[in-house]
Amino acid sequence: MNIPGKADVLLGLQWGDEGKGKIVDVLTPGYDLIARFQGGPNAGHTLEFDNKKFVLHTIPSGIFHPGCLNIIGNGVVIDPVTFSLEVDSLGIDRDQLSTSLMVSCRAQLILPSHRLLDMVYEQDKGIAKIGSTLKGIGPAYTDKIARCGLRLADTKEPDFSDKYQSLKNIHFELAKSLGHDIDDFLFDGMGFDMYESRWFDGLALINSLKHIESEVYVNHALDKGKKVLAEGAQGTLLDIDFGFYPFVTSSNTIAAGACTGLGLAPSRIGEVFGIFKAYCTRVGSGPFPTELFDQDGDLLRKYGNEFGSTTGRPRRCGWLDLPALKYSVMINGVTRLIMTKADVLNEFDAIKLCVSYLYKGKKIHFPPSVYNENNLKPSYISMKGWKTDLSRFKSIKELPAALLDYIRFIEEYVGVNIDIVSTGPDRSQILY
Ligand code: GDP
Ligand code: IMO
Ligand code: MG
């Protein structure tokens with residue numbers, strides 16, 4: 001599968017939560033190194049095996065495989081508080097962690113006052129809010145681009161404390177100028193000062209790990225024939241450029257993000273694994289053409305257990321959106337498709353697929369740059385459901401005919417084959 005000297009990329013093709021964590025965990029035995037390239041603790045990647053369940057936010061999903069090295073790349077924004085909670089939740093010994101996890105010196109920090117600003121901005125937007133995870137992602141990436149962010153490398157410099165205080169003061173002034181009192185906000189149930197002291201404890205933990213020039217490390221690893229998988233977070237339809245702006249996250253979630261987020265040249269990219277659910281979900285606000293408000297939507301949420309891994313919010317559910325999927329395949333140059341959560345559709349008599357949109361009276365086959373529920377209507381076809389429990393099947397070719405028809409229809413529409421089908425949350429529930 002892996003092309004020598006090239007890194008493979010794995011990413012989401014919808015609005016996040018496609019099951020990236022599970023698939024990275026499944027594919028990890030074929031790799032030496034798993035590297036996260038963007039996003040931060042807004043991500044929640046769920047892994048299940050041996051009757052245990054883990055949710056990863058910042059740590060790459062290869063962490064449970066002994067011998068595999070995990071890297072948090074320069075494109076990631078790190079919150080030390082979430083990071084230390086995450087480490088504690090894994091049950092991995094801290095000494096052992098330092099042998100399997102390394103962090104880029106260039107990764108940016110999410111300050112407690114970035115979280116404050118996230119809450120302030122969302123509150124001020126009122127009903128127009130983005131539905132951010134409130135983890136400080138937007139403000140941290142804003143400061144990165146404004147060239148005033150703090151990187152892990154900065155924490156080792158003598159002027160770090162001054163830089164930290166100065167940036168925090170700017171954030172406080174900003175919040176005050178917008179009419180907010182810092183004392184009105186809670187940070188994981190704590191006041192600012194207590195949270196800030198947890199933040200510095202978390203920073204000490206991160207600083208006990210090896211900080212590396214990860215772009216050099218990863219490129220050298222490829223030169224030496226090591227197999228590298230770049231792990232994305234969120235999904236293509238949440239990408240800052242190609243998502244449904246402004247209802248997006250603040251990073252490039254697409255394959256190109258692996259280049260900037262790890263220091264990989266485009267010529268270094270091998271396979272691009274695109275993960276999609278057999279239907280669609282979205283958490284947070286913003287357009288969702290195929291969203292269901294009826295009993296089918298409730299059933300998808302129930303069977304798929306569609307509640308956010310990071311915030312616990314109910315996920316909005318809808319039928320598979322093929323124009324959006326094809327667009328994501330194009331933007332990422334997907335070479336291999338992976339479909340998850342096929343089992344969630346087991347009970348449906350009929351399954352709908354959106355095959356085009358009616359946009360301002362015209363039929364189109366891609367998501368336009370500006371739209372809302374009034375000017376865009378999805379057009380559907382309906383396919384027969386398979387009404388079969390998928391747990392007994394051992395390979396894709398054995399699957400029920402109706403599901404194979406569903407798979408073939410998607411493959412033909414988007415022009416890439418589906419190589420892997422996931423039929424349950426556990427590591428073992430996977431068909432090739
Ligand atoms: P990620 O953010 O892309 O890693 O996905 P999340 O972990 O946020 O959400 C995916 C959810 O679906 C998790 O609860 C997974 O355990 C679960 N999951 C993954 N694959 C499957 C599948 O094939 N079937 C079912 N029923 N659940 C799955
Ligand atoms: P994983 O990696 C699903 C959504 C939020 C919100 C928007 C902006 O688990 O797939 P942000 O906190 O980034 O400013 O929020 O993006 N969002 C996600 N939705 N899965 C995620 O990550 C998400 N990360 C952010 O709900 O609508
Ligand atoms: Mg998730």
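This text leads the reader through selected features of a predicted model.

Local features need pLDDT of at least 70, side-chain atom pairs count only at pLDDT 80 or more, and totals for chains, interfaces and linings use all residues. Residues are numbered from 1 along each chain as its sequence is written, ligands are numbered from 1 in the order in which they are written, and side-chain values use heavy atoms, with hydrogens and water left out.

Asp 17 belongs to the loop between strand E1 (7-12) and helix H1 (20-27), and Gly 44 to the loop between strand E2 (33-36) and strand E3 (45-49), so the pair ties together parts that are 27 residues apart in sequence. Helices (H or I, at least four residues) and strands (E, at least two) are DSSP runs. Gly 44 is buried, at 10% relative accessible area, whereas Asp 17 is partly exposed at 22%. Buried means under 20%, exposed over 50%, and partly exposed in between, with a 1.4 Å probe and protein chains only.

Two loops hold backbone features. Asp 50, in the loop between E3 and strand E4 (52-56), has a positive phi of about 50° although it is not a glycine. This residue is exposed, with a relative accessible area of 58%. In the loop between strand E10 (228-231) and helix H9 (255-262) lies Pro 246, which a cis peptide bond with omega of about 5° joins to Tyr 245.
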